[in-house]
Amino acid sequence: MWIIDTELKTREEQKRPIRVGIVGAGFMGQGLTNQIVHSVPGMRVVAISNRQVERAASVFKYAGREDVVVTDSQRTFDDAASRLQPVATEDAMLLARSEHVDVLVDVTGSVEFGAHVALEAFKHGKDVVLMNAELDGTIGPILQTYADRHGVILTGCEGDEPGVQMNLYRWVKGLGLTPRLLGNVKGLQDRYRNPTTQQGFAERWGQNPAMVTSFADGSKISFEQSAVANATGFKVRSRGMSRGLEYTGDVLKIGELYDVEELRRLGGAIDYVVGTPLTKVYCLAEHPDPKQQHYLNLYKMGPGPLYSFFIPYHLVHFEVPNAIARAVLFRDPVVKPLGGPVVEVCAVAKRDLKAGEVLDEYGMYMTYGEAVNVEEMSAGRYLPEGLVEGCRLIRNMPKDAVITYDDVVLPAGRLADRLRGEQYLKFRGETWLNDLLASSQPADRANQYAVAAVANRRSDRPAILSHES
C-alpha cells in the first residue's frame, strides 16, 4: 500500500494521473467512479461507456462531475479526454482505441461483449481490469494469451472475492506456509432463486435483479472461485463445491471440515460455505516445519495441520483502484490464470426445460452455474454457464440436469464460442469443441463466414476464426 499511494501521490503532483475508462455504468461502475473522483489522487475517470448513454452521464453526475461530454465520435471523444473532461458514450470501442485512456475496467458481467472489448483494448496497448468474473471464468485463460502477446496486463480486481483471496494466498505463501484451500463465504445459497424472488432486495440497494440472482443461486460464486482455481491450480473436490454447506463455528477451526490428505492429493482446493460469522474469505494452509508449528500454536492459530487465515470483509469498488494502480504502475496482476483452465462453470437446469426453448442469461430463470474440474467439463461436453444466453434446446432437460453442447444449438457467430474453442485446442489439445463449432448451424454458415471475414482483417483474431474461411 505504501508503494501504491506514494506513487499515486507523485503522479498527482506531476499532473500525470492514470486515465481510467469504465465499461458499464451499473451499481459497481457508479461506486467506482465516485471512489476515484473523491478519494484517489493520481487517477482520473476520463470516460464511461454504457448502452444507455444517459446512464453513463448520470454516473459522472452522481460523482459530482457535471461537465460531461456525450459523444459517439472518436475525434470528439479524444478532444475531451485529452483535457481530462469526462466523456459518456454508447461505444465502448472509443475507450479501447483512444490514446488518452490508459486502462479499461470492465464492470459489465457480459462474456461476449467483454471479449470484444478486451481484444480491442489489447490491440491498442491497454491494460484491462476485470470486475467481470463471468468473462474470466469462461475464457480468461485464452484472453490472457492475447494480453501477453500485446504486452499488456489482464487482471481480476481487488475488492471482489477472487482478488481478496489471491492477496491472502500470496501473503500466506510469503509467511512460508503451503496454502491448501481457498474459501469464500456466502450469506445465502438457493439454486432456484430468480429475478422475481430477488427483486425486492435489488430495489432496496439499487442493484440489478439478475445480478443479485446470480449471487443467490450460486452462479456468481462459481465464476469467482473458478478464477481463483485458474490462478492457483486448485481444483474442486466435487462439482458444485460444498453446495451450500452451512458452517457457523469458529473460523479458526474451519479446517476441521476438510481432509488434509484429500487437499494434498488435489494440489489444493477451492470451496465456499454459508453462514460463517465474522469473515468473508479464508485460506487454509499447513507448515512443514515443526518448529514453526510450535510458534503458530503459541500465536493462537491452533495445533494444525491446517491453519486458518481469513479476511472479514471485501469492499469491492473501494479497493478496485489498488488493482488499477498495480496493473498500470507496477505491471502486477491481482488475479491471473497460470495457464489453461483448471475449473470451469457448467450450466445446470434451474427448472424443467422443454425442447425448443431458448435459454436466458445467467442470473435469470432457466439455469444456474456450478464449478467443475475441467476434466469432467470436457469429458461431459458440458455447456458453460457463461455462454448459455441464446442457446436453443433440442431436447427436454429435467431440473438440476447439467446441460451439454449436445443438448443445444448455439447462436451463430459468437466470438466467445470461438475463443473457448481455441482455449481447449491450445491448452488441452482437444479438437472436439472446434469441430463442433465449425459444424454447427449449417443453415447459417453465410453469417459465420461474414463474421470470420471481418475477424480475419484483425491482427488479434483468434486462430479458430482463420480456419473457417
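The model is predicted: local features need pLDDT of at least 70, side-chain atom pairs count only at pLDDT 80 or more, and totals for chains, interfaces and linings use all residues. Residues are numbered from 1 along each chain as its sequence is written, and side-chain values use heavy atoms, with hydrogens and water left out.

**Stop 1: E12 and R44**

Select E12 and R44. Their side chains meet in a salt bridge, 3.0 Å from N to O. The term stands for a side-chain nitrogen of Lys or Arg within 4 Å of a carboxyl oxygen of Asp or Glu. The pair links distant parts of the chain: E12 belongs to helix α1 (residues 2-13) and R44 to strand β2 (residues 43-49), 32 residues apart. Helices (H or I, at least four residues) and strands (E, at least two) are DSSP runs, numbered from the N terminus.

E12 is partly exposed, because its relative accessibility is 29%; R44 is also assigned to this class, at 28%. Here buried means under 20% relative accessible area, exposed over 50%, and partly exposed in between (1.4 Å probe, protein chains only).

**Stop 2: D406 and R381**

Move to D406 and R381, a salt bridge whose closest N and O atoms are 3.0 Å apart. This pair also links distant parts of the chain, 25 residues apart: D406 is in the loop between β14 (392-393) and β15 (408-409), and R381 is in the loop between α15 (374-379) and β14. D406 is partly exposed at 34%, and R381 is partly exposed at 26%.

**Stop 3: R428 and E430**

Next, select R428 and E430, where the closest N and O atoms of the salt bridge are 2.9 Å apart. R428 is partly exposed, at 29% relative accessibility, whereas E430 is buried, at 16%.

**Stop 4: a network**

Select R191, R239, R243, E370 and E376 together; salt bridges link them in a network. The count of salt bridges comes to 30.

**Stop 5: a nonpolar patch**

Finish with Y295, L298 and Y299, a nonpolar surface patch with about 360 Å² of accessible area together. Accessible areas come from the Shrake-Rupley method with a 1.4 Å probe; for residues, only the protein chains shown count as cover. Patches take residues with over 30% relative accessible area and no salt bridge, joining like charges within 9 Å and nonpolar side chains (Val, Leu, Ile, Met, Phe, Trp, Tyr) within 5 Å.

Y299 lies in the loop between α13 (290-298) and β11 (307-311). Y299 is exposed, with a relative accessible area of 53%.
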